[in-house]
Amino acid sequence: ITIGSVSYYDVSVSPPEGSAGAPSNVNQGWMYTRSGLTPGTRYRFSVVSNVGNVSSDAREQFFYTVPNPPKDLVRDDEGATTSLAVSWAKPDIGQCATVTATVTGGLSMNNLKESATSFTSLVPGKLYNVSVVCSVETNINSAPHSISFYTKPLPVSNVRAARRTHSSLTVVWDESAAIQEYDKTLVRLVEVDGSLKEIPASQLGTSRTHTFTSLNAGTVYTVQVYNVSGDQMSDLVSQDIITTPHSPNGLEQISQSTTSVSVSWTPVADPTTISGYEINIIHGSNGRVTASDRNVASGSTSYQFGDLQPATQYIVSLQSYLVDNNGNILASDAISLTVTTDPNPPVNITVTSRVYTALTFSWTPPEHPVENYVVSIKDGETYLIRSQVTASSSFQQSSGLKAGTTYIIEVSSRRFNRISSPSIVVVNLRPLPPRAATLVNRTTTSLTIRWSAPPSTDISQYVIEWELDGVM
């Protein structure tokens, strides 16, 4: 603003842009706009007042245009967890004296002369917005050039099998204890043929476990777990995990004695996929393992346990197993069967009474408990009597027998539905006496007598006794 009357002003801009070198006449107002200038360039403005043909001294002032922003902002440390290294290019047109780089959270790197910088101490897996601004003079800054980058998330740890069967694997893992952010966790399985089976994050949710199914028995699978933030993936944590082998089936008791039990089973379909079988026999009352064998060959289909107790229940368990490359033993699910040994027979069968058609006998029980006894009386190979005796160690038979007959007595003990071999004794019943004798002839030196055979008696011979003057 000048004092007095001014006809017009001459405004010159240097350096000239196009036809901008010639002074411009400003007839009205005290403001002038020059367009078409170069961004980030220092211009000298010269203003002269004119009254008629008389001009004032020139008043000069220097001004910068707003610079263009930097371009080509890129990340240079792909895969860093707690830092971002970025670089950019200066604008093609105009000056860019210094650059200010700012990251989310207010951390700034000011007055940068180079076209690169780094931000450190960042949170893994977090999304950061990086802005770079060109400056040509204090408070004369370009618009920001901004791009968002993710830091790399931290990996999980301790991937392991929580449960495994012949057709499934349940894996679990732990999170990093450090502070971090991530969008999701992904799990994938390397199949036998090398293909990848990736589990969608929607199936995992926030859980740190997953179960793979429909797998092959006794097979090594590689499980990979990793965290994802945007386009950044944590390091893969891999673990080789093997499924358990198939279980045998069809376990059954095929024979037994008082001190042994034999069992058989149907082997796994392919015995070459297992290292062998482990078989155990456990006392049914106290639960203690009586015998165990882990060296049963993979091709075996039967096994015999010895040194057992008579009349005792045991539980036999059987499982296949394999040994992995690290020496770890992986066993199948066990199958089990309750078995029993035979009881001992009673001993010392003693006939305590016998008459013509009745018989009483007793025995000594075995050293173990019994549920009952099976008592049989046979005539040759024919069973005449077969009876069950409970809570007693004696037996009386008062009918159905024939005087003068030889009988076979058998006594067996029973427990857990097993019957012992019998104790045997042979008994002869007294025959009935012949019917009264009559004299049928006498001479000076002989007597002839006759009698009738007793009824229902098989007589093999008669014994005749006589007395002379009362002396036998």
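**Notes on the predicted model**

1. L439, L447, I449, Y462, I464 and W466 make a nonpolar patch of about 670 Å². Keep in mind that this model is predicted. Take I449 as one member of the patch. I449 sits in strand 39, which covers residues 447-450. Its relative accessible area is 43%, so I449 counts as partly exposed.

2. Next, the disulfide. How many disulfides does a search of the whole structure find? The search finds one. C96 and C134 form it, with their sulfur atoms 2.0 Å apart. The torsion about their S-S bond is about -95°, so this disulfide is left-handed. The pair links distant parts of the chain. C96 is in the loop between strand 7 and strand 8, while C134 is in strand 11, residues 127-137. The two cysteines are 38 residues apart.

3. Are these cysteines buried or exposed? C96 has 8% relative accessibility, so C96 counts as buried. C134 is buried too, with a relative accessible area of 0%. The cut-off for buried is under 20%.

4. Now the charged pairs. Side chains of opposite charge can pair when their charged atoms come close. The structure holds nine salt bridges. The next points take up some of them.

5. Look at K71 and D92. They form a salt bridge, and the closest N and O atoms are 2.6 Å apart. Which parts of the chain does this pair tie together? K71 lies in strand 6, residues 71-75. D92 lies in the loop between strand 7 (84-89) and strand 8 (98-103). The pair therefore ties together parts that are 21 residues apart in sequence. K71 has 28% relative accessibility, so K71 counts as partly exposed. D92 has 65%, so D92 counts as exposed.

6. Turn to E60 and R44. Their salt bridge has its closest N and O atoms 3.9 Å apart. This pair links distant parts of the chain: E60 is in strand 5 (residues 59-64) and R44 is in strand 3 (residues 42-51). The two residues are 16 residues apart. E60 counts as partly exposed because its relative accessibility is 41%. R44 counts as partly exposed at 31%.

7. Then comes K378. It forms a salt bridge with E381, and the closest N and O atoms are 4.0 Å apart. Are K378 and E381 buried or exposed? K378 is buried, with a relative accessible area of 8%. E381 counts as exposed, at 69% relative accessibility. There is a further partner. K378, E381 and E410 are linked in a network of salt bridges.

8. Move on to a sheet. Strands of a sheet pair through backbone hydrogen bonds, either parallel or antiparallel. What is the strand order of this open sheet? The sheet has three strands in the order 30-31-34, with antiparallel pairing. Strand 30 and strand 34 are the edge strands, and each pairs on one side only. The twist averages 20° from one strand to the next.

9. Take one side of this sheet. Strand 30 (residues 347-354) and strand 31 (residues 359-364) pair in the antiparallel sense over five bridges. V351 stands opposite F361 in strand 31. How many residues are in the hairpin that joins strand 30 to strand 31? The hairpin joins them through four residues.

10. Now the other side. Strand 31 also pairs with strand 34 (residues 394-397), in the antiparallel sense and over four bridges. Which residues of strand 34 are the bridge partners of S362 and L359? S362 has S394 as its bridge partner. L359 has Q397 as its bridge partner.

Methods. Residues numbered from 1 in each chain as written. Predicted model: local features only at pLDDT ≥ 70, side-chain atom pairs only at ≥ 80, totals over all residues. Heavy atoms only, no water. Pairing = 2+ DSSP bridges. Axes fitted to C-alpha atoms, helices over the stretch in contact; angles between N-to-C directions. Salt bridge = Lys/Arg side-chain N within 4 Å of Asp/Glu carboxyl O. Buried < 20%, exposed > 50% of the residue type's maximum accessible area, 1.4 Å probe, protein only. Patch = residues over 30% accessible without salt bridge, like charges linked within 9 Å, V, L, I, M, F, W, Y side chains within 5 Å. Areas by Shrake-Rupley, 256 points an atom, 1.4 Å probe, with all protein chains shown as cover. Disulfide = S-S within 2.5 Å.
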